[in-house]
Amino acid sequence: MIHFLSSWCIQRLPKKIVETLKIPGVGSCGIRMGKEVSFMEVKYLKHKDGRVIFSKGWGEFVENKGLKTEKAVLFRILTTTSDDYALMMVMDILTDDPRVE
């Protein structure tokens with residue numbers, strides 16, 4: 001899923017992805033940047049509109065990774081058999097400025 005980071009620091013997964021992957025209503029997501037080895041825990045919950053919203057831990061992840069608004073990023077969703085995470089994601093920065101070709 002390609003996404004542009006927003007200024008309000010709340011990340012949402014589209015309803016179609018949530019339904020297709022049968023993501024549970026509340027849980028933990030392991031997230032990391034690119035080729036990093038360890039995952040950081042980010043809590044999430046399913047909003048009444050069907051999208052998943054990252055909550056506790058997302059702001060810390062954004063700050064620790066120095067992420068800025070308007071960056072185009074690719075979220076790769078991984079299959080998991082982890083007892084710790086209902087969802088695992090890898091995030092890659094595609095460009096610092098999405099308007100640059």
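Good morning. F54 is buried, with a relative accessible area of 3%. Please bear in mind throughout that the model before us is predicted.

I begin with the aromatic rings. How many aromatic pairs does a search of the whole structure find? The search finds two. In one of them, F54 and W58 form a tilted pair, with 5.3 Å from centre to centre and 40° between the planes. W58, like F54, belongs to the buried residues: the relative accessible area of W58 is 2%, against 3% for F54.

The other pair joins W58 to F61. Their ring centres lie 5.6 Å apart and their planes meet at 25°, so this pair counts as stacked, the cut-off being planes under 30 degrees apart. Both residues sit in helix α2, which covers residues 58-64, and they are three residues apart, about one turn of the helix. F61 is buried as well, with a relative accessible area of 0%. Together, F54, W58 and F61 make up one aromatic cluster.

I now turn to R76, which is placed in strand β6, residues 72-78. Is R76 buried, partly exposed or exposed? Its relative accessibility is 36%, so R76 counts as partly exposed, since that class lies between 20% and 50%.

Which residues does R76 touch, if neighbours within four places in sequence are set aside? They are G34, M88, M89, V90 and D92. With D92, the side chain of R76 makes a polar contact to the side chain at 2.9 Å. These two residues stand 16 residues apart along the chain, and their C-alpha atoms are separated by 8.1 Å.

Thank you for your attention.

Definitions and conventions
Residues are numbered from 1 along each chain as its sequence is written. This is a predicted model: local features need pLDDT of at least 70, side-chain atom pairs count only at pLDDT 80 or more; totals for chains, interfaces and linings use all residues. Side-chain values use heavy atoms; hydrogens and water are left out. Helices (H or I, at least four residues) and strands (E, at least two) are DSSP runs, numbered from the N terminus. Buried means under 20% relative accessible area, exposed over 50%, partly exposed in between (1.4 Å probe, protein chains only). Contact means heavy atoms within 4.5 Å. A polar contact is a pair of N or O atoms within 3.5 Å; within protein, one must be able to donate a hydrogen and the other to accept it, and residues adjacent in sequence count only if both atoms are side-chain atoms. Rings of Phe, Tyr and Trp (its six-membered ring) pair if their centres lie within 6.5 Å; planes under 30 degrees apart count as stacked, over 60 as edge-to-face and the rest as tilted.
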